[in-house]
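Could you walk me through this model in the viewer, one selection at a time? I would like to know what to pick next and what is there.

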Amino acid sequence: MSADMSADKFVTVGIIQVRVIKGIITDQQVDVIVNSNRPDLDLSKGRASNALLLAAGDVIQTECKQKYPNGIQDGEIAITSGGQLSCKAIYHGALSKYSSVQDEQTLQTLIHACLDQANTDGYRTIAIPALGTGFLAYPVDTVASIMFDSIHKCAHQSLKEVRIVIYTSENDCFKKFLAEARTYLPKGRGKRGQSKGNTDGHKIGNLAVEVVVDTLSSIQADVLVCSGPKDLQLNNGALSQALLEVAGDEMQEELSTNYPNGIDFGECAISKGFNLSCRYVYHGALPKWGSNTPDPSFILKKFMYECLEEANKHSTKSVAFPTLGLGALQFPVDQTVKLMVQTLRTFSRKHRQMNINKVIIVVYSESRDSSTVKSTLLKELNSPAAVSKSVYSGKIDNVSINVIVGSITEEKVDVLVNSVSTDLGMTSGTAAAVSAAAGSGMTNEIAQDYPNGITYDDVAVTSGHNLTTVKKIYHGALLPWYSKRSGSTKLPDELLEEFVLKCLQKANSSGHSSIAFPALGTGYHKFPADVASASMVSAFDDFCKQTKNKTVLEIRVVLFASGPDLQQLEKAFQDELGNLSPGNSTKESGTAGKQASNTKHIPLRRRVPTVAPKRGTKAYLIYKYQEAARTPPYWTKFTCQKKLKDWNLAVKSGASSHMENVDQNTFQSIEAAFKSTLGIAQIVSIHRIENVELFLKYTDECQRLFRKAIVEGDFVPLENVTGSSGPAKTMQYLDSTMLKHTHPEINEYYFFHGTKPQSVAVISGQGLDNRLAYTGGLLGTGVYGAEDALKSNGYTGMDTNGCRPMFLMRMCLGDIHLTTSTCSFTRPPCRICARQVCSSHQEIFDSVVANFQFREFVVYDRSQCYPEYLIWYK
């Protein structure tokens with residue numbers, strides 16, 4: 001490639017050809033042209049947009065108005081045809097003027113959106129201007145770096161060429177983009193280049209492990225391992241395509257013949273090496289990092305281990321692995337390195353005699369962070385293998401309680417406990433490790449004995465199979481920490497405690513003497529360390545004190561050595577076990593235990609303070625989650641002297657609802673909010689609805705959201721959500737005496753809800769039921785709230801006296817998804833990928849807010865709102 005980077009030359013970034021050229025973007029013969037625009041999509045504003053409009057014609061402005069009547073947000077793209085241009089599509093991206101480094105993230109999001117959309121649409125070529133470097137004042141160096149980095153990380157599908165088009169008069173900008181492009185020149189031509197043959201050797205057991213900075217196709221080894229697409233169409237993966245170009249088409253033909261249906265994640269397909277310097281190539285597929293089903297960590301280890309097993313069977317001496325998962329799959333470097341080295345150590349430990357004597361780990365020499373990857377690998381290889389260590393050792397009523405750091409699949413116990421999903425899937429966390437260690441025998445036994453899965457109250461039992469030192473494995477399903485309740489009324493921590501107790505009782509009735517638990521709930525289910533430890537220790541304590549004839553004499557808790565929350569878990573179990581009531585526990589220091597007392601062990605996390613901690617603290621969130629819910633202090637019939645559950649038991653079905661006239665202060669407060677947008681109306685009456693059954697369900701939902709906030713961190717307030725037009729208007733008019741009983745910590749607000757007169761009694765007695773709601777809502781079938789009484793007025797009707805009803809309801813928005821487009825949701829979308837239905841992540845938003853002419857506030861669980869006030873007006 002010539003040093004001047006002329007327009008007819010390109011640099012390869014990842015596997016995409018990138019050209020930096022001077023010219024007019026509308027002259028480019030490409031599939032897609034990218035245009036930087038304002039969020040309102042007015043193409044007549046701005047030099048570049050106006051030039052594009054003149055070249056493409058008014059049709060693209062018409063498309064923008066029809067498809068995106070409310071415009072788009074910064075970082076998003078609008079898609080139109082090419083109009084009179086030769087391109088197939090134009091992507092219009094929104095950016096605001098540069099003000100801080102946070103705008104750089106928006107730019108990155110926009111570039112990723114353009115590249116991903118081009119791949120999704122099946123386009124091969126795209127032209128992008130130097131986005132933001134003109135009037136918007138983004139730093140040119142920063143834009144160049146972000147653009148090339150985004151291209152480098154782009155998942156290869158259809159896109160083959162990116163043209164970065166710099167306006168002809170922008171010489172300085174052109175030079176800086178050229179400078180960034182040169183850093184991607186081949187070795188010896190730029191800063192990205194690394195010398196080949198740069199190796200470092202280490203030993204893991206009988207395995208010699210070398211770290212090489214090179215390209216995989218250049219390595220001489222008996223086996224090369226390649227991560228690529230599941231369908232084994234090698235042209236669709238960066239690494240697999242690079243190998244195919246050297247190996248020749250015969251390798252693709254062999255795979256297509258032998259594996260016509262492709263492979264699943266973690267499986268190994270084998271081909272000959274053909275023109276490569278190897279005997280075999282092992283092909284596999286990995287999921288993208290962040291997926292939960294299947295778990296990427298488990299799949300990487302499974303695939304790598306199977307490759308080593310296959311290589312050993314083929315009597316090969318050397319195997320070369322790339323750094324699996326880095327690049328388009330977005331595995332973090334430190335996690336990839338740990339997983340690969342752990343797998344090598346596990347394989348070496350289980351194969352004292354083996355044919356393989358050398359493993360080569362190849363760091364891609366053209367990678368921008370090759371030096372970082374290499375140093376991380378060397379650091380991990382030089383670190384000692386994780387060994388078990390004791391965290392706590394003591395006794396409860398002669399039963400040994402040991403908490404250790406290690407690997408649960410290496411424990412020698414009668415019973416091993418495993419957390420699974422209700423369909424007995426084992427694709428993440430401890431379950432994946434247990435499944436891999438126990439082997440297919442356990443999978444087959446589960447399929448035969450539990451074809452319909454299990455419920456949350458079940459304990460499924462299998463043999464240990466390949467875990468030869470384990471007699472039985474107990475499998476149970478848990479709820480995520482901040483999930484809604486299961487079919488029963490159990491909370492996630494209650495379900496965890498019951499499961500642990502059932503496992504202990506079953507082990508005891510079967511005559512087993514030892515049982516090992518992982519730190520249940522602390523991985524995928526996101527239990528806080530103190531909650532998980534408290535639930536488990538409480539179950540230990542109950543078992544030891546309640547069981548007379550005990551055969552179980554040792555309970556072991558195994559904390560995962562590489563877990564991110566290891567220190568918190570160690571401290572949590574030490575604190576909780578140290579909190580055992582006197583006489584029930586003796587530490588192994590030689591102190592004799594007193595005779596067991598009847599004092600009930602109260603877990604630390606259940607010791608609710610008598611005075612509420614300061615608001616705005618995590619302690620306050622925990623307090624609100626743990627407190628026994630009561631009615632608001634201003635209720636007059638169902639007073640807060642009793643707990644809500646006690647009131648619910650005290651009143652008969654149908655008598656749990658009461659209407660009460662509000663006091664003058666409350667009347668004036670609600671009237672101010674109501675008349676802020678509907679000032680012409682006259683309020684006839686306002687009543688407070690005291691319904692203990694509905695309010696109990698509402699407080700349950702509030703406590704679920706307090707749980708979620710404890711784990712996920714503070715919710716973003718409505719006014720701070722990206723794209724929000726500000727705080728809820730209703731809250732700005734209501735009196736402070738009303739506001740102090742709401743909780744902004746979980747985004748709890750008052751909103752209006754208009755209805756027909758004939759629905760008032762049903763809503764007052766049974767609540768706002770989204771299942772009976774109008775199905776034509778712009779955001780699907782949910783419960784809608786409005787901050788403007790004028791908006792809700794459109795949904796009301798008059799009674800025989802000419803009066804209209806409207807509710808002022810509490811609504812807990814929790815984690816808010818904000819949108820500017822209509823979509824028929826049935827529940828809030830995934831918090832990670834924004835899909836409506838997502839099987840890869842458990843986190844979903846709790847509500848949807850839409851920016852239309854009036855803001856819409858929608859929840860899809862009727863328990864997330866409570867109709868507290870009924871307004872009649874003319």
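Buried here means under 20% relative accessible area, exposed means over 50%, and partly exposed lies in between (1.4 Å probe, protein chains only). Start by selecting C544, which is buried with a relative accessible area of 0%. Then pick C503, also buried at 0%. With a disulfide taken as a pair of cysteine sulfur atoms within 2.5 Å, the count comes to zero.

A word on the model: it is predicted, so local features need pLDDT of at least 70 and side-chain atom pairs count only at pLDDT 80 or more, while totals for chains, interfaces and linings use all residues. Residues are numbered from 1 along each chain as its sequence is written, and side-chain values use heavy atoms, leaving out hydrogens and water.

**The sheet**

Next, show the cartoon. Helices (H or I, at least four residues) and strands (E, at least two) are DSSP runs numbered from the N terminus, and two strands pair if DSSP finds at least two bridges between them. Look for an open sheet of seven strands with mixed pairing, in the order β1-β2-β7-β6-β3-β5-β4. Its edge strands, β1 (11–13) and β4 (77–80), each pair on one side only.

Now select residues 32–37 and 125–129: these are β3 and β6, parallel strands joined by two bridges. Here V32 stands opposite I126 of β6.

For the helices, contact means heavy atoms within 4.5 Å; axes are lines fitted to C-alpha atoms, for helices over the stretch in contact, with angles from 0 to 180 degrees between N-to-C directions. Select 59–67 to see helix α2 lying across β4 and β5 (89–94), at about 125 degrees to β4. Then select 171–182: helix α5 packs on the sheet, touching β1, β2 (16–22) and β7 (161–166), and its direction makes about 160 degrees with that of β2.

**The rings**

Rings of Phe, Tyr and Trp (its six-membered ring) pair if their centres lie within 6.5 Å; planes under 30 degrees apart are stacked, over 60 edge-to-face and the rest tilted. The whole structure has 19 aromatic pairs. Select W481 and F527: their centres are 5.4 Å apart and their planes at 50 degrees, so this pair is tilted. W481 is buried at 0% relative accessibility, and F527 is buried at 4%.

Move on to helix α19 (692–712), where F695 and Y698 sit three residues apart, about one turn of the helix. Both are buried.
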